[in-house]
Amino acid sequence: MTTREQIGTMIDVDGGPIHVREDGPADGKPILLIRGFANSMHAYATVTPLLTDTYRVVRVDLRGHGCTGGQHYLDPQSQGRALSGVLDHLGVDNVAAVGHSFGADAALAVAALSTRVGEVVVINQAPDYSYADFPRASVLLTLPILGEILHRAASPASVRFFGRIGFAPGYRPATGLDSPTREYDDFRAMSSKMQRVVVLDRRKALADNPLDRQIRDLGKPAAVIHGRYDLMYDCDRTVERFRTVGAAVTVVENAGHSPNIEQPEAVAAALREFLG
């Protein structure tokens with residue numbers, strides 16, 4: 001694993017410490033920014049300063065990622081319990097939980113567990129995998145021994161190649177990240193066990209309880225932000241399903257699966273419009 005750059009503090013919650021960073025006024029409305037698979041809180045580096053004049057922005061590294069690290073409690077429900085512990089530690093209420101990709105599962109999990117969460121925002125995540133389009137080779141990374149070998153052997157070039165699916169065609173990720181090696185650093189810092197959690201376990205979990213159903217059952221205000229050119233989840237099909245259960249929808253033009261990196265101004269504007 002690569003050296004992890006700690007830009008926040010470690011907060012002890014049930015299951016072990018979580019890396020947390022706070023920015024903005026202490027009395028501002030709290031926004032919990034949760035990044036997804038193979039990423040860290042650095043993925044919100046350009047969105048955060050666009051919000052901190054008004055909001056108290058809390059960023060976290062999920063278990064198995066970034067400076068939090070770890071090899072256990074990686075599923076969304078366990079992540080949600082950890083995030084609930086973070087909110088209890090900070091003593092914040094009326095929190096907007098914002099989750100990108102796999103982070104959306106964690107956002108909905110903490111919203112279901114904690115009365116401290118008032119709203120939920122899903123960024124570029126389909127309700128389930130019924131029309132997901134993933135690289136075929138991804139299943140190899142889920143194998144117990146081979147997956148670990150491939151994870152350790154990954155080069156910066158291979159991470160960039162397979163990472164292209166996370167952005168609109170032609171987009172250069174280095175232009176929107178806070179470090180030219182961020183993709184590789186975050187991938188290497190991630191637990192290889194996350195591959196199985198996201199590729200296999202999550203497929204079954206979302207088939208049993210898709211995110212649009214979770215939003216409907218949650219009963220809290222919800223919004224969806226989705227990049228028009230997402231290569232993994234069809235934009236129109238995704239937003240229609242969420243709109244059907246009452247979620248406010250914003251489509252970000254000229255963005256793929258990671259509008260928080262590709263079009264941070266549009267994401268910040270959408271959050272402001274939804275949260276007021």
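Visitor: In what sense do β3 and strand β5 pair, and over how many bridges?

Guide: β3 and strand β5 (residues 95–100) pair in the parallel sense, over four bridges. Strands here are DSSP runs (E, at least two residues), numbered from the N terminus, and two strands pair if DSSP finds at least two bridges between them. This is a predicted model, in which local features need pLDDT of at least 70 and side-chain atom pairs count only at pLDDT 80 or more, while totals for chains, interfaces and linings use all residues. Residues are numbered from 1 along each chain as its sequence is written, and side-chain values use heavy atoms, with hydrogens and water left out.

Visitor: Which residue stands opposite isoleucine 34 in β5?

Guide: Glycine 99 stands opposite isoleucine 34.

Visitor: And how many bridges does β3 have with strand β4?

Guide: β3 pairs with β4 (residues 55–60) over six bridges, in the parallel sense. Within β4, valine 58 is the bridge partner of leucine 32.

Visitor: Why is β3 described as largely enclosed?

Guide: Six of the six residues of β3 (residues 29–34) are buried, so the strand is largely enclosed by the rest of the structure. Buried means under 20% relative accessible area, exposed over 50%, and partly exposed in between (1.4 Å probe, protein chains only). In a regular strand the side chains alternate between the two faces of the sheet. In β3 both faces are covered, with Lys29, Ile31 and Leu33 buried on one side and Pro30, Leu32 and Ile34 buried on the other.

Visitor: Changing topic, where is aspartate 128?

Guide: Aspartate 128 lies in the loop between β6 (117–123) and α3 (146–153). Its relative accessibility is 11%, so aspartate 128 counts as buried.

Visitor: Which side chains does the side chain of aspartate 128 make polar contacts with?

Guide: One is the side chain of serine 130, at 2.7 Å, and another is the side chain of arginine 241, at 3.1 Å. A polar contact is a pair of N or O atoms within 3.5 Å; within protein, one must be able to donate a hydrogen and the other to accept it, and residues adjacent in sequence count only if both atoms are side-chain atoms.

Visitor: How many disulfides are there?

Guide: The count is zero disulfides, a disulfide being a pair of cysteine sulfur atoms within 2.5 Å. Cysteine 67 is buried, with a relative accessible area of 14%, and cysteine 235 also counts as buried, at 3% relative accessibility.
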